[in-house]
Amino acid sequence: MPFTGIDPPNDELKVTLARAFDAAWQPFVAHEGAAADTPENRRRLAARIVAVARSGQIDEKTLGEAGLIYLRVIAEAARLSVRIREVSSPGLAPLANDQRTQSFGPEIVAAMSTALDRCLDELPLRISSDAVQLLSSSILDEASRGERDPEKLHLHALATLKSRQ
């Protein structure tokens with residue numbers, strides 16, 4: 001039975017969604033550590049699982065895997081953002097005022113997150129971690145060069161992925 005925004009989920013679907021959440025949450029926190037156990041990460045996971053279920057996928061295992069992949073991508077993007085601030089990147093375009101490090105404000109992080117969400121929404125549920133890393137890196141690189149439009153970041157990342165296949 002498909003789950004749409006119009007149809008209220010029945011009890012069986014609610015249990016499936018809860019189990020998928022638990023199946024993703026436990027390994028995520030085990031891998032990322034207690035610091036990852038935040039309300040924001042819980043909200044992200046729940047929203048992702050519901051979004052995948054609304055697309056018609058109601059298999060508990062698949063929902064859990066999709067949620068876990070999503071959270072791991074978000075966590076990796078956060079780590080990459082920290083690394084780009086810590087390390088000089090000579091291959092990137094020069095930064096304003098000749099800065100050697102860069103930090104991203106909330107608006108840019110939101111744009112990068114939206115771009116990654118759009119990429120993941122367009123791709124199959126099961127994509128390799130290398131492909132996800134390439135998407136994340138591409139988005140970060142373009143944001144570092146000054147791109148702020150989530151749609152342009154998203155399209156560039158997909159084009160980069162396509163060119164590598």
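Student: Is Thr 16 buried or exposed?
Tutor: In this predicted model, Thr 16 is buried, its relative accessible area being 15%. That value falls under the 20% cut-off, which means that the residue counts as buried.

Student: Where does Thr 16 sit?
Tutor: Thr 16 belongs to helix 1, which covers residues 11-32.

Student: And which residues is Thr 16 in contact with, leaving aside neighbours within four places in sequence?
Tutor: With those neighbours set aside, Thr 16 is in contact with Ile 58, Glu 60 and Leu 63. For Glu 60, which is 44 residues from Thr 16 along the chain, the separation between the two C-alpha atoms is 5.5 Å.

Student: Changing topic: how many residues does the largest nonpolar core have?
Tutor: The largest nonpolar core has 23 residues. Those with the most contacts inside it are Met 112, Leu 116, Leu 120, Leu 135, Ile 139 and Leu 153.

Student: Which residues of helix 4 are buried?
Tutor: Buried residues in helix 4 are Ile 108, Ala 111, Met 112, Ala 115, Leu 116, Cys 119 and Leu 120.

Student: What is the reach of helix 4 from its first C-alpha to its last?
Tutor: Helix 4, with 17 residues, reaches 24 Å, close to the 24 Å expected at 1.5 Å a residue.

Technical notes:
Residues numbered from 1 in each chain as written. Predicted model: local features only at pLDDT ≥ 70, side-chain atom pairs only at ≥ 80, totals over all residues. Heavy atoms only, no water. Core = buried A, V, L, I, M, F, W, Y, C linked by side-chain atoms within 4.5 Å. Buried < 20%, exposed > 50% of the residue type's maximum accessible area, 1.4 Å probe, protein only. Helix = DSSP H or I, 4+ residues; strand = E, 2+ residues; numbered from the N terminus. Contact = heavy atoms within 4.5 Å. Expected span 1.5 Å × (residues − 1).
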